[in-house]
4 protein chains.
Amino acid sequence: MKRSKLRFGVVGIGRIGKIHIENLVNRIPGAEVVAVCDVATAELEAIAARFGIGKTFGDYRELLDLPEVDAVVICSPTNLHYQMIVDAAARGKQIFCEKPIDLSIEKVQAANQEVRRRGVRMMVGFNRRFDPNFLKVRETIAGGLVGQPHVLRITSRDPGPPPEQYIRASGGIFLDMTIHDFDMARYLMGSEVTEVYTRAAVLVDPMIGKAGDFDTAVITLTFENGAFAVIDNSRKAVYGYDQRVEMFGSEGMVTVTNNTPDTHILCDRVGIHTALPLNFFLERYAESYQREMRAFVDAVVNQTPVPVGGEDGLKAMVIALAAGKSARENRPVKLSEIYEGVPTCQVS
Amino acid sequence: MKRSKLRFGVVGIGRIGKIHIENLVNRIPGAEVVAVCDVATAELEAIAARFGIGKTFGDYRELLDLPEVDAVVICSPTNLHYQMIVDAAARGKQIFCEKPIDLSIEKVQAANQEVRRRGVRMMVGFNRRFDPNFLKVRETIAGGLVGQPHVLRITSRDPGPPPEQYIRASGGIFLDMTIHDFDMARYLMGSEVTEVYTRAAVLVDPMIGKAGDFDTAVITLTFENGAFAVIDNSRKAVYGYDQRVEMFGSEGMVTVTNNTPDTHILCDRVGIHTALPLNFFLERYAESYQREMRAFVDAVVNQTPVPVGGEDGLKAMVIALAAGKSARENRPVKLSEIYEGVPTCQVS
Amino acid sequence: MKRSKLRFGVVGIGRIGKIHIENLVNRIPGAEVVAVCDVATAELEAIAARFGIGKTFGDYRELLDLPEVDAVVICSPTNLHYQMIVDAAARGKQIFCEKPIDLSIEKVQAANQEVRRRGVRMMVGFNRRFDPNFLKVRETIAGGLVGQPHVLRITSRDPGPPPEQYIRASGGIFLDMTIHDFDMARYLMGSEVTEVYTRAAVLVDPMIGKAGDFDTAVITLTFENGAFAVIDNSRKAVYGYDQRVEMFGSEGMVTVTNNTPDTHILCDRVGIHTALPLNFFLERYAESYQREMRAFVDAVVNQTPVPVGGEDGLKAMVIALAAGKSARENRPVKLSEIYEGVPTCQVS
Amino acid sequence: MKRSKLRFGVVGIGRIGKIHIENLVNRIPGAEVVAVCDVATAELEAIAARFGIGKTFGDYRELLDLPEVDAVVICSPTNLHYQMIVDAAARGKQIFCEKPIDLSIEKVQAANQEVRRRGVRMMVGFNRRFDPNFLKVRETIAGGLVGQPHVLRITSRDPGPPPEQYIRASGGIFLDMTIHDFDMARYLMGSEVTEVYTRAAVLVDPMIGKAGDFDTAVITLTFENGAFAVIDNSRKAVYGYDQRVEMFGSEGMVTVTNNTPDTHILCDRVGIHTALPLNFFLERYAESYQREMRAFVDAVVNQTPVPVGGEDGLKAMVIALAAGKSARENRPVKLSEIYEGVPTCQVS
């Protein structure tokens, strides 16, 4: 009998892990989840029961040793990614890894190299590329409807800052939050970043400053094609999760606004009122998580390249490191100061 | 061991039947589908295999005879609804029935009576009540934010007319298409309709006129609370499925616009362009179908009243019959001309 | 020396009279105001001084007797229009008359006949035809962009009801307020109305009912071309002056929304907020008043037909009378019941 | 008899000069134009005749010598501003001067000093402060509705580049075009700029590069209050004049979009289409030019400070010079590198 479904093991059952499990179980006909791993035993059992997953592990290596696991989804803390990738690749498993791959360039390079050497596929979780809004922007640009790109604007603001503990382990705003925008900028521009200038501050919460991080940033990117991007970030937008992009080019402009839970418009004595944006990434990007996992399954099943690979993870990280250096030194930083190899690579 | 899931049998695997099956299987944790029935054997087997449903039948009575079936979803052609309801009620099954219950008032009354007599629940598939946009309008009105209702406007236009065969079996535009708007009008107004005036024409396709039906209509409803509603319908809006409502009242106005696949705005030399509405009901009302079925499961499990009952089905149908009479005779028609009992009933 | 400017006399210096004076003096290079007339002597002198107008009168006949007056703008109370038109036409003056021409069909006919007999031009003040929004809708329809018209929707709501005295002298909501919408419907549809059905009520203020009038109405118009229009009116929209139209046709739909004083969007913790519409007709239709008077001056100077003539005034009035009759008798009323001649006339 | 009107002389009858004349003559009751000056004699006479202006001059000093001239509007080429200001101030005339005052800091300082020494008022033509959209943004910020400012975004794109001759005389994009945005940034932020970083390029037209200028720029401003602004400029937006701002703060966000000639929305088979923005500054900022001149008249008549003074002109220019230096040197430039005195001045 022909095996029709790709069998997954999922490592890590935090917010993102649960999203991937639910999508794989309920919304992706070509996939099934056969094993899950986490150190939180009680919750792990509950998840396994709820989604009908047969096997649970506290040690990811046992999960990787299962011959019936075709592919692994790595949603563990960032500092564990590297070893898991290496171990999964060694066992010939296909890999979906949440971003960032690691906080060190060397380890990301090593992970990418190992993946290549073992001949497996690794996709990195830049889910926003699969959001219907941003996909439409990409298609519009790729279709030439805005002509030659000139200026890209990305606004990315969270509804509220994470707790101090998260901030301290995050690698900083650029590696944790802006990294999505850096990937989006490369994706939409279709060209590589050569230089970064960052102005950053602590305007939201002094705790963030004490933790050595910023909560507000304005970043200018310069691209090989001569165009620019401006990204503005905040850890706290009281009106909700603000996720917009705008590409301006020689033949026009395309932009996307936020998604809302409904389209209502209320007119009363004081004004006209509409709904706030969907509040955070689990809601806002629900569809993108589904589409991204479907794309991974398709790539593995059809043996085609994954749409977001390890090189993409590396490049976004190099930009993030340059952004941090620029913010600290208040000067434009060339990516070649961070990593020699990057500017010559191609966008996947 | 406590049984945790409501076990469903689904009768009819057309477009709507498939929607309900997929939602029950994948998106409603408290439900499972144990049997399906249709005369299209090959497709039935494919569906059963795809969704892991154990039993298939060509005769719905065999499905109803299964003791493990707690509830039945009736998605068969309208002319079969009545007998299926009677048979299901006789076996104590909980019933979810697509609209309209029947094209004859007497049979709808009889079905409702049988349901009451047997002590089962029957919910009617007016799914639009569960759409996030219309729910928000309802909440806004119920919360008093627009004050006393004065004028309700409903625009409901299909992207294109159904085939002639469908038209001929449909009972006419008012029973087939506008019936959703009549239910919506009652739902949003929170008051009963007393009189209908309809102006209708064949402007889209002469075939529809030859089939004895209209394709364009403008309908004025008068309510017990003194307010009015205006509904406009068309079988063909070239720009897609157009589904909007607006309630105007003493303290304000609330309206909802169409949903789109994305929020992109393209500005070029000739104008500013945005996406067309989601194209038809399966996409546009995807969420409402999920929420409606969840509401049915909840009502059955918690033994609470279903949010849309047989009386709602009856009332919408009486309005539809009055609308047809008004269109043919070009005069306002009181609902009491159609059915004595209606105006004294309460909105559920 | 060639006389370059059309010399105006303005009769009546109420709100509309002042608008026309200001536009003629300041914004229409081809016009000047040489005389004004009103019984309110003190205000008349102030107006004359402010706008540098040489002559003032309490009796309009003296103004009409001035040989230097080429054209007269009639902004007096409706009951005085007829005699002023007759007297102005007798003296060969070009006439701009505010709507309605009169409340009696016979007098409107007689006025129109006198204007024709004397060979002067008379334009009626349906200013909304000159509003940039509605002009764009008309152009879009005339350009075939929505195909064959099917359903026109007009929403016209005032920010608040006028005082009782005004209501009692107004001729009722249909002749006073909806008459603009009736003209708009003819203008946008490019076809004549054959039948009217009105549902009307007193929902805003019982005073209006005591004065024998309605404050809320929903009106269905049937046109010679087979299409329909739906108009909804209210004397009180708490959120301001609500003036929208939407034409739906075989190839698309065009709509216009309200104008606002600015385009700001405020996002805060509770929602997204924008500005209310411009609040009433003097602000909302400021540009249309200028354009309409410029069109009158152009027609007189170039000896071309006026864009809105006495027949347009008559036809809108007939629809208004039919609407009132329909509301009182709760049945569709054919225009031929009101006035035999109308349905055979052409839209100017 | 009491003199009620402020008597103006206007120097320069180019595009802006004509705007000011028309507003002073037709729309500002408290003003009249008694003299105009330009070297283009024929056009000057035509303008004087059209607006009923009694005196015309080829030499501005003759205009300044008229005792009946209370105030002068300087719309001549930038290189003539300085001497005209000095001469007007020496004669005690009130001064309205178009931006920029001059291209040299020293001369701007000298002009400002002379104005102060002579005790006259001088207002600089940053008309956008008086635009209803930006005024509303300012009020919203000043009213605390967005809390503490964090990030300001300004998009300012022209519909097309000016001719080469204009470019060469303009002082460069930052002094010619972005200077409006620098003033807007100060105005909206209510704080002074301390540092500028600019990334600029020639992406629109190589001619502009040959003329030593840029046509595309992205500028980051840092303010004394710790907030940032990002400005993006282009000399060519094919969809028209794009003028938007957005202020993001601790309690919310306020933004304004472009103005359009009408509010129409057309839905057809391919999409939903709306009007392009008003195309260039004469249309887009028509109201702001009126309001700004009214504000000048009011300030002079009431002897209150002008809302935009010579210090504002100076400060915007210093930012523009810093922006140019930053673009050329690709590094953040502190304003104190350009001009010592600035950071300690207060926003007027």
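I started at A:Pro100, which sits in the loop between E5 and helix H5 (105-118) of chain A. Labels here are DSSP runs numbered from the N terminus, with helices being H or I of at least four residues and strands E of at least two. The peptide bond that leads from A:Lys99 into A:Pro100 is cis, and its omega is near -10 degrees. I then looked up chain C, where C:Lys99 and C:Pro100 are also joined by a cis peptide bond with omega about -10 degrees. C:Pro100 lies in the loop between strand E5 (94-97) and H5 of chain C.

Next I checked A:Asn330, a residue other than glycine whose phi is positive, near 45 degrees. I found A:Asn330 in the loop between helix H12 (310-329) and strand E15 (333-334) of chain A.

**Ground rules**

This is a predicted model, where local features need pLDDT of at least 70 and side-chain atom pairs count only at pLDDT 80 or more, while totals for chains, interfaces and linings use all residues. Residues are numbered from 1 along each chain as its sequence is written, chains are lettered from A and ligands numbered from 1 in the order in which they are written, and side-chain values use heavy atoms, with hydrogens and water left out.

**The sheet in chain A**

What is the strand order of the open sheet in chain A? I read six strands as E3-E2-E1-E4-E5-E6, with parallel pairing; two strands pair if DSSP finds at least two bridges between them. Strand E3 (55-57) and strand E6 (122-124) of chain A are at the edges with a single partner strand each, so one side of each has no neighbour in the sheet. On average, neighbouring strands of this sheet are turned by 25 degrees against each other, direction ignored.

I zoomed in on strand E1 (residues 6-11) and strand E4 (residues 71-74) of chain A, which pair in the parallel sense over four bridges. A:Phe8 has A:Ala71 as its bridge partner in E4(A).

Helix H4 (residues 78-90) of chain A lies across E1, E4, strand E5 (94-97) and E6 of that chain, and runs at about 165 degrees to E5(A). For such angles, axes are lines fitted to C-alpha atoms, for helices over the stretch in contact, and values run from 0 to 180 degrees between N-to-C directions. Contact means heavy atoms within 4.5 Å.

**The sheet in chain D**

I looked up chain D as well: its open sheet of six strands has the order E3-E2-E1-E4-E5-E6, with parallel pairing. Strand E1 (residues 6-11) and strand E4 (residues 71-74) of chain D pair in the parallel sense over four bridges, and D:Gly9 has D:Val72 as its bridge partner in E4(D). Helix H2 (residues 41-51) of chain D lies across strand E2 (31-37) and E3, at about 160 degrees to E3(D).

**Helix pairs**

How far apart are the axes of helix H1 (residues 15-27) and helix H11 (residues 286-302) of chain A? I get 10 Å, with a packing angle of about 65 degrees. Residues in the contact include A:Ile16 and A:Leu24 of H1(A) and A:Met293 and A:Val297 of H11(A).

In chain C, the axes of helix H4 (residues 78-90) and helix H5 (residues 105-118) come within 9 Å and cross at roughly 10 degrees. H4(C) and H5(C) are therefore roughly parallel to each other. Among the residues that meet are C:Tyr82 and C:Ile85 in H4(C) and C:Ala110 and C:Glu114 in H5(C).

**Copies**

Chain A goes onto chain D with an RMSD of 0.1 Å by a turn of 180 degrees and a shift of 0.0 Å along the axis. The two copies are thus related as by a two-fold rotation axis. In chain A, the C-alpha nearest the axis belongs to A:Arg331, 3.0 Å from it. Superposition is by least squares on C-alpha atoms of residues with pLDDT of at least 70 in both copies. Of the interface residues of chain A, 100% are also interface residues in chain D, so the copies meet through the same surface.

Methods: Parallel < 35°, antiparallel > 145°, perpendicular 65-115°, else oblique.
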